[in-house]
Amino acid sequence: MNFEEIKKIKGELSFTEVFKNDSSNISNHFNTHRYRQLIEGNIKSPSLEMLLNFGKFNLSDFKTLDYFNKQGLAIKELAIGSFGEVNSDNNIALDKNVKLRSNFDKILNHRKSYRDYINKPLSLNLFKRSLKPLVNTKNKENIIGLNINHRAYASGGGLYPITAFLLVLNVNNVQRGWYEVQPYLKNLRYLNKLDVDVNTLISGHNIDVSHASYIIFYCFNFSKSYPKYGETATALGLIEIGEMAELVDLTVTSLGLGNCQVAGFDRNLIAKKLNIDNVSNHLLHSQIVGVI
């Protein structure tokens, strides 16, 4: 490798060293250039501002945390959580005692993102098994006299502010359309039919959405988490979505399926289909699952 090749690679990758006037820096007019402007204080970034203020607590935050914990408000809400879910003849029951058996080391070694899928319907059995991480477990714990179900992932304060919505595309004996995962009732609530071109929902052209089995959209309920955690609420919501998506990732890998986590999607269109207000509730992440 000669000097010019090394210089070109440096210009492509080392955005903390090469910035404005070096012609070898092909990223001059992209986010690498904006990064320099951010550090110099010339422009603002909501993401950077959130990081700079991460961990900031107001006096009201300490008071609220103490009140929530002493009153056991999250526990009481979990105990009556099923009352906020809707039973219907159109709902799809998820098996309560599904067992996943696979070598964990093998799962970790085989986990990867898949962007191409086989045009083959996913069996109903595999579909239900792949969703196990998103519903309550059968294990219960008695806390302050209330029986509480656990889930496979942690949640800040036990608030569980994330709702998983599904767009079912190609699953045996399941109508194509939009669904809501109801973790307490352990079922899928049918919302409405599919009436959009699925290829317009996901950003980019390198993901085979049309042959996918289903897509998960993770929605953060800001109003559920903010009253307790204040400005830390959003970070906790993002962490929880990451936990949920990774569990689904590992589960579908154990079942021989493929998946790809995608941050770029048409939020406004999907929010409209799901009646999400984009004020208290926000779609933040998606995950495509398919047969490989």
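In this predicted model, 7 strands form an open sheet, paired in the antiparallel sense and arranged in the order 1-6-5-4-7-9-8. Its edges are strand 1 (92-93) and strand 8 (257-262), each of which pairs on one side only.

Two helices lie across strands of the model. Helix 9 (residues 233-254) lies across strand 4 (162-168), strand 7 (214-221), strand 8 and strand 9 (281-291). The angle between helix 9 and strand 7 is about 160°. Helix 10 (residues 267-274) lies across strand 4, strand 5 (177-182), strand 6, strand 7 and strand 9.

Helix 4 (residues 59-71) meets helix 8 (residues 222-229) at an angle of about 105°, and the axes of the two are 7 Å apart. Because angles of 65 to 115 degrees count as roughly perpendicular, helix 4 and helix 8 are described as roughly perpendicular to each other. On the side of helix 4, the contact is made by Asp61, Thr64, Leu65, Phe68 and Asn69, while helix 8 contributes Pro227, Lys228 and Tyr229. The residues of this contact comprise 4 nonpolar, 2 polar and 2 charged.

Attention may now turn to the cysteines. The structure holds 0 disulfides. Cysteine 219 has a relative accessibility of 3% and therefore counts as buried, since the cut-off for that class is under 20% relative accessible area. Cysteine 260 is likewise buried, its relative accessible area being 2%.

Where is lysine 44 found? Lysine 44 is in the loop between helix 2 (31-40) and helix 3 (46-52). Its relative accessibility is 68%, so lysine 44 counts as exposed; the class requires over 50%. Leaving aside residues up to four places away in sequence, lysine 44 touches Arg34, Leu38 and Glu49. Arginine 34 is 10 residues from lysine 44 along the chain, and the C-alpha atoms of the two are separated by 9.6 Å.

How values were computed: Residues numbered from 1 in each chain as written. Predicted model: local features only at pLDDT ≥ 70, side-chain atom pairs only at ≥ 80, totals over all residues. Heavy atoms only, no water. Axes fitted to C-alpha atoms, helices over the stretch in contact; angles between N-to-C directions. Helix = DSSP H or I, 4+ residues; strand = E, 2+ residues; numbered from the N terminus. Parallel < 35°, antiparallel > 145°, perpendicular 65-115°, else oblique. Contact = heavy atoms within 4.5 Å. Nonpolar A, V, L, I, M, F, W, Y, C, P; charged D, E, K, R; others polar. Disulfide = S-S within 2.5 Å. Buried < 20%, exposed > 50% of the residue type's maximum accessible area, 1.4 Å probe, protein only. Pairing = 2+ DSSP bridges.
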